[in-house]
Amino acid sequence: MNELMAARSLTTLPVVTLSGEAVAQIKDTVFDAEAGRITGFTLSGRGLLSGPLKQSLPWTAVHSLGHDAVMIVDAGVLADTPVVVARREAQQGRVLHARVLTDEGAQVGTVLDVVVEGGTSGRVVGFRIAAGKALVQGSRRRRHRVYVPRGETLAVSGRALVIPADATRYVADDLPSFAARVGAFRDGREGTPP
Amino acid sequence: MMLFSQARGLPVLTLAEADEIGVVRSLTVDAPSGVVTHVRVRGRHARKETVLAWGALHAIGPDAVLVRSAAAPAEVPSHHELPGLRILTETGDQIGTVQDVVFEPETSRIEAVRTVQGDVPADRLLGLGDYALVVRAG
C-alpha cells in the first residue's frame, strides 16, 4: 500500500511538473460528497507574498501524490477553480469537526483530519479523530487523538459521519501503524461472510 | 569518464590561436535526452560569461578544453544548475540532491547522476527545471 498522508499536511506541498518546474502549491484539498476520494486541490502561488490562484488542480490531472510533491505532467492540466470546487458541500470544511458515530449508535469522537493514500488512487482511507470516552479508556485529560479506518460503507451528512462498528477495533495512534491497521481491517472484512 | 566537478575550472582555449577565453563555469544539460548541450565559460578577467554549444568544442581533456570557435550559439537554452538541485521521483518523493554528474567527454553523454544514496543512471532522467530534477522511480 502507498504511503498514508493527513490532508492537512498536504497544504503548502509544491505542485511540480515532470520537467522539474514548481508551478504552484497546495492550498486546500477538496473531497467528494461521500468523503471517499480527493476530487482536486485549490492552489496558491509559491512564495511568501503570493495569494490564492484562480486555477485549481483536478485529481484526474494528478500524475502522482508523493511525500514531497504533487507531480503533474505540465502546467496545462490546471483547470479553473469553479470546475474543481463545483459542489460546495464537497469541501473539506463539512467533514472537519463532524461527529463520528458507529452504526451501532455510539459516538466515538470528532473529525480532526482526513487520511488519504498517496500515489494515484486519491482514496480516503480513514480519519484522524479526537477520541471520545467510548473509544479510548482513561482520564479525560489525556484525551486521545487516534486514527480510525474509513470502511467501505460510510454515511456522511455534513454534521456527522457513520462508520462500521468493527472499524473502531482498528484504531491506531500514528500514521505508520495506521497503515498496517487499514490493511488488517480490509483483510478482515473480505474474510468474513456478509 | 569525467565528473562535472572535474570539468569546472578547466581553462578554455581556442584551438587555432591558443587564446585562453576563460574557465569552465558550468555545463548545461538536456535531461530527457541525457546529454550535455552547452558549456558556460567565465572570462578570467572580464568576468563575462559566454555560452558555447557542445558542437563548437574540439576536445575536453584532463587539463584544458579546446574550442574551434568562441562564437556564441544562435539559441541559448535556459540553464539549470545540476549540482545541489533536489531530485524528485515522478511519484513525488524526494530522493536526495545532486552531488555530481558523471559524463563522457568524448560523446557528451551523461552516464549517471551521483547522490549520497548512490548513482541514478541517466536513462531514468525525465526532466530538469528550476525546482527539481525529476527521475523515474527505480
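Predicted model: local features only at pLDDT ≥ 70, side-chain atom pairs only at ≥ 80, totals over all residues.

Let me start with a question: how many bridges join E1(B) to strand E10 (residues 100-103) of chain B? There are 2 bridges between E1(B) and E10(B), and the two strands run antiparallel. Residues are numbered from 1 along each chain as its sequence is written, and chains are lettered from A and ligands numbered from 1 in the order in which they are written.

Within the pairing I began with, B:Leu3 has B:Val102 in E10(B) as its bridge partner. These two strands belong to an open sheet of 4 strands in chain B, in the order E1-E10-E11-E12, with antiparallel pairing. E1 and strand E12 (118-121) of chain B are at the edges with a single partner strand each, so one side of each is left without a neighbour in the sheet.

Let me turn to the domains of chain B, whose bounds come from an automatic or database domain assignment. That assignment gives domain 1 (2-67) and domain 2 (86-135), and the C-alpha centres of domain 1 of chain B and domain 2 of chain B lie 21 Å apart. I will call two residues in contact if their C-beta atoms, placed from the backbone, lie within 7 Å; by that rule, 12 residues of domain 1 of chain B are in contact with 15 residues of domain 2 of chain B. On the domain 1 side, strand E1 (2-3), helix H1 (4-7) and strand E4 (35-42) of chain B are the elements that give two or more residues.

What about the record? In the model, residues 80-114 of chain B are 0% helix and 49% strand, with the end C-alpha atoms 16 Å apart, while residues 4-72 of chain A are 6% helix and 55% strand, with the end C-alpha atoms 19 Å apart.

Chain A has 3 helices and 14 strands. A residue is buried if 20 or more other C-beta atoms, placed from the backbone, lie within 10 Å of its own, exposed if 12 or fewer, and partly exposed in between; of the 194 residues of chain A, 35% count as buried. In strand E11 (residues 124-131) of chain A, 7 of the 8 residues are buried, so this strand is largely enclosed by the rest of the structure. On one pairing, 7 bridges join strand E10 (residues 107-117) of chain A to E11(A), running antiparallel, and A:Val114 stands opposite A:Phe127 in E11(A). E10(A) and E11(A) form a hairpin with 6 residues between them, and A:Gly119 in the turn has a positive phi of about 95 degrees. E11(A) is also joined by 5 bridges to strand E12 (residues 145-149) of chain A, again antiparallel, with A:Arg145 as the bridge partner of A:Ala130.

Where does A:Ala167 lie? A:Ala167 is in the loop between strand E14 (160-163) and helix H3 (175-191) of chain A, and A:Ala167 is buried, with 24 other C-beta atoms within 10 Å. Beyond its neighbours within four places in sequence, A:Ala167 is in contact with A:Val148, A:Pro149, A:Gly151 and A:Phe185.

Finally, two loop residues of chain B deserve a look. B:Ala18, between strand E2 (11-14) and strand E3 (20-30) of chain B, has a positive phi near 60 degrees and counts as exposed, with 9 C-beta neighbours inside 10 Å. B:Ser108, between E10 and strand E11 (110-115) of chain B, has a positive phi near 75 degrees, but B:Ser108 is buried, with 21 other C-beta atoms within 10 Å.

Key: Pairing = 2+ DSSP bridges.
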